[in-house]
Amino acid sequence: MLKAAYRIAWKDVMGDLRRRATLSSMVFFAISVLVVFQAAFEPDRLEAARLLPGLLWTTLLFTSLVGLGRVFQAEEEDGAFEGLLMAAVPRGVVFFGKWWGNLFLTSLVVAILLPLTLVLFNVDAWEKIPAILGILFLGTLGLTGLGVLLAAMTQAARSRETLLALLLLPLVAPLLIAGVQATGAVLGNGGEAGPWLRLLLIFDVVYLALSPWAFGWLVEE
């Protein structure tokens, strides 16, 4: 089962790297958002450190929406989604394959996004990069897990990108708040990171436990 999910994820990642479609769009979008924020606020170093958690998670959220809107694009263009569902594996395996592929691409963007943000906003937090990356990755687990489920739900809609954003934003709001607070605590903006990290883990577990089951039920309908 894990091998089948891995093959689906590998197909998605290699196909995207060959087409240079989703990853390049996500990176370009993330850079654009950061440049706009920097030009709009022009914060000094202290103000930038205070704003950094919100900037990181807002950019991650909007960039994720770019990637999630294309999770099933290849199958839709080739008319292969029904064929994928006919594979002799449980539907949950298909979900995990699509999720792993999207998670890999989003994690690559996160790895680029963080140092770029520190440079653009002149924030001296290089020694805290491993801790911040860990928090961002924890949030990315739940964000992409729920996002892939909602992408499957909205793939046949005419305005699927808009509908995906409308469904995803309120559902991941608690996860985003926990991520912002945990990142702020690591950066020394006040509070403790521990309770917010536990909350992030709880949301990850809930999203990733329910999403495969909901995906199977959704594609059956």
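Helices here are DSSP runs of H or I with at least four residues, numbered from the N terminus. One of them, α2 (residues 22-41), holds V35. Please note that this is a predicted model, in which local features need pLDDT of at least 70 and side-chain atom pairs count only at pLDDT 80 or more, while totals for chains, interfaces and linings use all residues. Residues are numbered from 1 along each chain as its sequence is written, and side-chain values use heavy atoms, with hydrogens and water left out.

Let's turn to the charged pairs. A salt bridge is a side-chain nitrogen of Lys or Arg within 4 Å of a carboxyl oxygen of Asp or Glu, and by this rule there are three.

| Salt bridge | Closest N and O atoms |
|---|---|
| D12 and K11 | 2.8 Å |
| K98 and D12 | 2.8 Å |
| E47 and R50 | 2.7 Å |

K11, D12 and K98 are linked in a network. For accessibility, buried means under 20% relative accessible area, exposed over 50%, and partly exposed in between, using a 1.4 Å probe and protein chains only. K98 counts as buried because its relative accessibility is 1%, and D12 is buried too, at 17%. This pair links distant parts of the chain, with K98 in helix α6 and D12 in helix α1, 86 residues apart. K11 is partly exposed at 38%.

What separates E47 and R50 in helix α3 (residues 45-68)? They lie three residues apart, so about one helical turn is between them. E47 is partly exposed at 30%, whereas R50 is exposed at 51%.

How values were computed: Helix = DSSP H or I, 4+ residues; strand = E, 2+ residues; numbered from the N terminus.
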